[in-house]
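This report walks through the fold of a single chain, from its overall layout to selected local features. Please keep the sequence and the model side by side while reading.

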Amino acid sequence: MTTSVRDLQERSLGATLRRDAWWIAPALTALVLGSFGVYATWAAWVNRFYEWGPYLSPFYSPLIQTTWWPLSPAFLILIFPGGFRATCYYYRKAYYRAFFLDPVACGVGEPRHGYKGETRFPFILQNVHRYFMYAAVVFIFILSYDVFLATRWPVSGVLADGTMGPGPRQFGVGIGTLVMLINVVLLSCYTFGCHSLRHLVGGWMDKFSGRPVRKAAYDCVSCLNRSHMLFAWCSLFSVALTDLYIRLCAMGVIHDWRIV
Ligand code: FES
């Protein structure tokens, strides 16, 4: 009697005929996504050190000052980029494997034997991804404006406490400006390669003849979409590192270097 992969899947979690190190990818994913989740939650919770000179952390942009919300305003902001990533088609695959072990890898036993996909609560809520995508596009413009502001330096300089000196502003570029710029570029590549956006701009059409602008937009989104996984990870690192850079400047741990 032979043992098929399906037999193993129906037996127990982790049962497999595979001989390769299939567990490395889900373990690394769990480590990196888990670390990012802990760091982002902590950075949002502390509600300090998110500004230095003309720099503003992406976790706190747009800057919200309110009295009715008792917690850090970063939580109001992170609902949108956080929801966008949590419902992303690529991240779903990654964290279903890493955290739910469901399936942990191809050809490896799963913890359950029934499959309903995302047709029932709570996973049916993943269908809100398109709406988070609309919000994510708005955030690209907000963060791009932050990069512009990061080139507007006070002529009187940045004060010792990290606030902007009084008086007029002038053009300038610091390392932080470049860090913020790279972050926006990577976030744009991730956001504008979204599967939902690709469907929206032309994925539902049978033919593009006579619609050159839509065809060009569809080709651009498709081009970014081919590297969606890469941009998902790169932008995750860049957004955390941008917050960390500005945080360390604000804490006085490192000093920003003015290039121009
Ligand atoms: Fe990944 Fe939309 S599918 S961001």
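## Overall layout

Among contacts in the chain between residues at least 6 apart in sequence, what percentage join residues at least 24 apart? In this predicted model, the share of such contacts that join residues at least 24 apart is 71%.

The chain has nine helices and four strands, and from the N terminus on these elements follow the order α-α-β-β-α-α-α-β-β-α-α-α-α. The C-alpha trace spans about 85 × 50 × 40 Å along its principal axes, and of the 260 residues in the chain, 27% count as buried.

## Packing of H6 and H9

Two packed helices are described by the angle between their axes and the distance between the axes. Helix H6, formed by residues 175-191, packs with H9 at an angle of about 155°, and the two axes are 8 Å apart. An angle over 145 degrees counts as roughly antiparallel, and H6 and H9 are therefore roughly antiparallel to each other. Their crossing is left-handed.

On the H6 side, the residues that make this contact include Gly 176, Val 179, Met 180 and Ile 182, while those contributed by H9 include Phe 231, Ala 232, Tyr 245, Ile 246 and Cys 249. By class, the contact of H6 with H9 has 14 nonpolar and five polar residues, with no charged ones.

## Packing of H2 and H9

Helix H9 (residues 228-251) also packs with helix H2 (residues 24-46), here at an angle of about 35° and with the axes 11 Å apart. The crossing of H2 and H9 is left-handed. From H2, Phe 36, Tyr 39, Ala 40 and Ala 43 meet Leu 236, Ala 240 and Asp 243 of H9. The residues of this contact divide into six nonpolar, no polar and one charged.

## The nonpolar core

In soluble globular proteins, nonpolar side chains tend to be buried together. In this chain, the largest nonpolar core holds 40 residues, of which Tyr 55 and Phe 59 touch the most other members. When residues up to four places away in sequence are not counted, Tyr 55 touches Ala 150, Gly 176, Met 180, Ile 246 and Cys 249. Among these partners, Gly 176 and Met 180 of H6, together with Ile 246 and Cys 249 of H9, also take part in the contact between those two helices.

Thr 151 is found in the loop between helix H5 (129-149) and strand E3 (152-154).

The C-alpha atoms of Thr 151 and Gly 172 are separated by 4.9 Å, although the two residues are 21 residues apart along the chain. Leaving aside neighbours within four places in sequence, Thr 151 is in contact with Phe 171, Gly 172, Val 173 and Thr 177.

## Backbone features in loops

Two cis peptide bonds deserve a look. The bond from Asp 102 to Pro 103 is cis, with omega near -5°, and the bond from Phe 121 to Pro 122 is cis, with omega near 5°. Pro 103 is placed in the loop between helix H4 (89-100) and H5, and Pro 122 likewise lies in the loop between H4 and H5.

Asn 47, although not a glycine, has a positive phi of about 60°, and Phe 49, also not a glycine, has a positive phi of about 55°. Asn 47 lies in the loop between H2 and strand E1 (51-52), and Phe 49 lies in the loop between H2 and E1. Asn 47 counts as partly exposed, with 13 C-beta neighbours inside 10 Å, and Phe 49 counts as partly exposed with 19.

Note on methods: Residues are numbered from 1 along each chain as its sequence is written. This is a predicted model: local features need pLDDT of at least 70, side-chain atom pairs count only at pLDDT 80 or more; totals for chains, interfaces and linings use all residues. Axes are lines fitted to C-alpha atoms, for helices over the stretch in contact, and angles run from 0 to 180 degrees between N-to-C directions. A crossing is left-handed if the near helix is turned anticlockwise from the far one by less than a right angle, and right-handed if clockwise. Two residues are in contact if their C-beta atoms, placed from the backbone, lie within 7 Å. Ala, Val, Leu, Ile, Met, Phe, Trp, Tyr, Cys and Pro count as nonpolar, Asp, Glu, Lys and Arg as charged, and the others, Gly among them, as polar. A nonpolar core is a set of buried Ala, Val, Leu, Ile, Met, Phe, Trp, Tyr and Cys residues joined through C-beta atoms within 7 Å. A residue is buried if 20 or more other C-beta atoms lie within 10 Å of its own, exposed if 12 or fewer, and partly exposed in between; C-beta atoms are placed from the backbone. Angles under 35 degrees count as roughly parallel, over 145 as roughly antiparallel, 65 to 115 as roughly perpendicular and the rest as oblique.
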